[in-house]
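Q: Could we go through this structure together? I would like to discuss strand pairing and pockets.
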Amino acid sequence: MAPSYSFGAKKPCYNSLVLLKTDSSTELTEQSVALEILKLGLSANNTFYLRFGDKDPFNFFHCHPVDSTAELVHDKSASLEEYVHPPAWGMAQVVESTVNEIQVGTKFFGHLPIGTRVIFKDVSVNEEGNMVVKRPKVHSAYNVFRKIDTDEALLTEAYGDLAMVCWPGIITGFGCYSTLQMKGFYGADNLVITSASSKVALSLAFYLKDSGKNVLGYTSKQNVQFCQSTGLYSQILDYDADLDPSKKYLFIDIVGRSDI
């Protein structure tokens with residue numbers, strides 16, 4: 001069997017990747033699944049996985065540890081101990097399985113390493129038919145891989161590619177909206193969302209569209225026109241603009257910049 005290839009990032013340098021090669025001929029142990037990675041979504045969100053890789057409750061560095069048998073393609077003498085696999089949301093297809101309920105050819109959507117192939121151990125199937133990987137150190141949200149049926153929109157090129165990139169942002173935006181609703185928007189009528197062009201902000205603004213609230217988006221100058229074109233915000237301001245000091249605001253910070 002041909003070797004599998006993947007990317008590794010050296011902690012804490014998040015801006016460069018190295019190519020890793022792993023022998024794919026290893027036989028699967030009991031309750032294990034090997035998947036061929038079909039497509040992945042890459043965006044600024046992937047940086048978040050690296051920057052919070054060693055922080056609870058996420059622990060992204062435990063999602064896909066670098067195989068001890070792997071080697072760096074361009075520097076075979078380098079140590080792998082400091083390298084991690086950057087994860088991304090994507091689609092994969094089962095090529096080998098020792099789990100009775102999971103058949104070869106089945107497709108799953110979930111949190112995958114950036115590469116050509118991945119092997120999961122301690123695999124089970126939940127009531128919905130989704131694959132669950134037992135990884136106690138990893139947040140449960142990243143241990144479930146959704147089974148994709150043949151008639152699902154995720155298999156179409158348009159919706160499938162969109163889901164690879166937007167899925168986590170949409171879920172987070174909906175979670176923020178639900179929390180704000182439960183808290184009665186903390187009594188605020190004016191809501192300010194930073195990083196207005198991001199997936200999380202756009203998702204939140206979408207759910208707030210019919211809330212009757214005044215939703216202001218803060219963004220960088222180059223993104224002002226794009227944010228205005230979405231029609232999701234009552235007003236768009238660049239980061240140099242000030243808010244009206246006579247009003248009270250609920251500030252929803254996504255950009256994470258202390259100067260703002």
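Q: Which residue is the bridge partner of G217 in strand 14?
A: The bridge partner of G217 there is I236. Strands here are DSSP runs of E with at least two residues, and helices are runs of H or I with at least four residues, both numbered from the N terminus. The model is a predicted one, in which local features need pLDDT of at least 70 and side-chain atom pairs count only at pLDDT 80 or more, while totals for chains, interfaces and linings use all residues. Residues are numbered from 1 along each chain as its sequence is written, and side-chain values use heavy atoms, with hydrogens and water left out.

Q: In what sense do strand 13 and strand 14 pair, and over how many bridges?
A: Strand 13 (residues 214-219) and strand 14 pair in the parallel sense over four bridges; pairing requires that DSSP finds at least two bridges between two strands.

Q: What is the strand order in the open sheet?
A: The order of its four strands is 14-13-12-15, with parallel pairing. Strand 14 (235-238) and strand 15 (250-252) are the edge strands, each pairing on one side only. On average, neighbouring strands are turned by 25° against each other, direction ignored.

Q: Which helix packs on that sheet?
A: Helix 3 does, touching strand 12 (190-193), strand 13 and strand 15. Contact means heavy atoms within 4.5 Å. The direction of helix 3 makes about 160° with that of strand 12; axes are lines fitted to C-alpha atoms, for helices over the stretch in contact, and angles run from 0 to 180 degrees between N-to-C directions.

Q: Changing topic: what volume has the largest pocket?
A: Its volume is about 1,000 Å³. A pocket is an open set of points on a 1 Å grid over the protein atoms alone, where a 1.4 Å probe fits, with protein on both sides within 12 Å along at least five of seven lines; lining residues have an atom within 4 Å of a point. Volume is the space filled by probe spheres set on the points, which are joined across faces, edges and corners.

Q: Which residues lie nearest its centre?
A: Of the 34 lining residues, A44, N45, F48, V200 and I254 lie nearest the centre of the largest pocket. Helix 2 gives the most to this lining, with seven residues.

Q: And how much space lies in the second largest pocket?
A: About 750 Å³. The second largest pocket is lined by 28 residues, including P65 and D67, which are among those nearest its centre. Strand 8 supplies the largest share of that lining, four residues.
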